[in-house]
Amino acid sequence: MLTLQLSDFSVEEFLAHYWQKKPVLIRQGFPGFYDLIRPDELAGLACEPQIESRVIYRQDGVWQAETGPFESYGRFGKKDWTLVVQAVDHWSPDVADLVQAFSFIPKWRLDDVMISYAATGGGVGPHIDLYDVFICQGSGRRHWRVGDRGNHHQFAAHPALLHTAPFEAIIDAELTAGDILYIPPGFPHEGICLEHSMSFSVGFRSKSARDMLSGLADYLIDHDVGTALISDAGRPLHTKQGHINQSDLALVKAQMQSILDDEQVMADFVGTFLSKTKCELDLQVIEDDEEITPEALLDMLHNGELRRTGGLRCFYLDQTVDQGVCYVDGERYAFGAAARDAVIALCDHDIVDAVILEKGLHLAAFVDALVDWVNQGYWYAE
Ligand code: SIN
Ligand code: CO
């Protein structure tokens with residue numbers, strides 16, 4: 001397991017001074033770091049249609065971007081191109097383990113682990129991201145420049161590439177294996193590969209009010225919640241028929257606010273909404289005739305471990321965890337108060353065994369759910 005080594009500040013200081021505020025170069029954050037996936041394996045993943053990938057290159061000085069799946073890479077030549085593959089944590093347990101090193105940020109904030117392989121001279125061009133990213137340098141060397149936040153002109157260098165105008169660097173550094181560059185949203189940056197290299201970007205993304213409210217509307221419709229109509233019994237005399245006055249606007253807002261104030265509805269909405277995955281999961285579904293039983297599951301947990309498939313999201317919230325509720329891949333599961341500790345352990349650990357899940361293993365509903373999850377490939381025996 002990789003452990004983040006911070007020599008200039010503590011994690012608490014990082015959160016207080018850098019997280020979302022300013023970029024920082026963490027030299028040798030992962031001493032002895034090696035590629036968690038080989039470049040040829042990464043290239044292989046980008047041949048799969050269910051995996052999102054892009055190749056970015058320049059042709060006669062003009063930026064080009066192609067989306068995968070790719071059949072071969074020979075036509076891109078030996079220089080000046082980059083292969084970018086999204087959500088590799090979903091397909092490689094070693095890559096998924098990299099997220100553990102950043103466990104001081106909760107999983108609901110995680111976007112994915114994006115990996116890029118760049119040939120010498122390759123890069124995706126100067127740009128600004130909407131997310132926080134820890135760019136962990138693997139093999140090879142890359143030269144990074146990061147500018148300050150500001151009013152940077154952005155333009156489409158290609159229909160699929162939003163670039164930013166040249167900027168002055170506040171960080172200008174060459175990264176080698178084990179170095180980490182943290183960049184918060186809004187800071188322009190550009191990496192240029194000095195010799196063929198691998199970068200592992202652990203990206204954290206937040207949600208906008210628009211995303212959350214649109215998700216909430218879908219949740220209310222799906223669960224038939226929030227259907228009561230605005231009530232205005234006892235309303236005062238209205239004299240202007242065309243006017244929606246302040247007190248009527250307040251009525252509308254109070255109606256909507258009552259949903260936001262409903263702790264149970266909001267916990268269930270937030271838990272299910274944030275546990276949905278954006279990218280496909282690598283589910284190792286067990287064939288019908290080989291499905292495991294509760295006895296087999298207990299045996300697995302006593303004699304080994306179960307690993308959560310990469311990218312699977314499982315959460316609990318204070319409002320509902322006392323009822324033994326957890327949210328797994330967009331679904332709500334309730335196991336009763338006695339399952340509280342087991343639910344917490346399941347959500348907090350990527351790998352579980354009989355000791356970690358101890359409190360839940362005598363609860364039939366919890367064991368049955370684990371059996372179903374294993375049969376569906378959400379968890380698998382290591
Ligand atoms: C890359 O790894 O090539 C691009 C990462 C980024 O700039 O966000
Ligand atoms: Co970027």
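1. The shell around ligand 1 consists of Met114, Ser116, Val124, His127, Asp129, Arg142, Trp144, His189 and Ser199. By class, these residues divide into 3 nonpolar, 4 polar and 2 charged. Please keep in mind that this is a predicted model.

2. Several side chains place polar atoms by the oxygen atoms of ligand 1. For serine 116, an N or O atom of the side chain is 2.8 Å from a ligand oxygen. Arginine 142 has a polar side-chain atom 2.9 Å from an oxygen atom of ligand 1, and for histidine 127 the corresponding distance is 3.0 Å. On its own, ligand 1 has 260 Å² of accessible area, and the protein covers 96% of that.

3. Ligand 1 sits in the largest pocket. Two or more residues of the shell come from each of the strands β5 (110–118) and β7 (141–147).

4. Aspartate 129 is in the loop between β5 and β6 (132–137), whereas histidine 189 belongs to strand β12 (residues 189–195); the pair is 60 residues apart and links distant parts of the chain.

5. For anyone checking the geometry of the metal site, the reference values are as follows. Ideal angles are 109.5 degrees with four tetrahedral donors, and 90 or 180 degrees with six octahedral ones.

6. Two backbone features deserve a look. As background, most peptide bonds are trans, and most residues other than glycine have a negative phi. The peptide bond from glycine 68 to proline 69 is cis, with omega near 5°. Proline 69 is part of the loop between β3 (62–67) and β4 (81–85).

7. The other feature is at glutamine 20, a residue other than glycine with a positive phi, near 70°. Glutamine 20 is found in the loop that runs between α1 (11–17) and β1 (24–26).

Key
Residues numbered from 1 in each chain as written. Chains lettered and ligands numbered in written order. Predicted model: local features only at pLDDT ≥ 70, side-chain atom pairs only at ≥ 80, totals over all residues. Heavy atoms only, no water. Near = heavy atom within 4 Å. Polar contact = N/O pair within 3.5 Å; in protein donor to acceptor, adjacent residues only side chain to side chain. Areas by Shrake-Rupley, 256 points an atom, 1.4 Å probe, with all protein chains shown as cover. 1 Å grid on protein atoms, 1.4 Å probe; cavity = no way out; pocket = protein on both sides within 12 Å on 5 of 7 lines; lining within 4 Å. Sits in = over half its atoms within 2 Å of the grid points. Helix = DSSP H or I, 4+ residues; strand = E, 2+ residues; numbered from the N terminus. Nonpolar A, V, L, I, M, F, W, Y, C, P; charged D, E, K, R; others polar.
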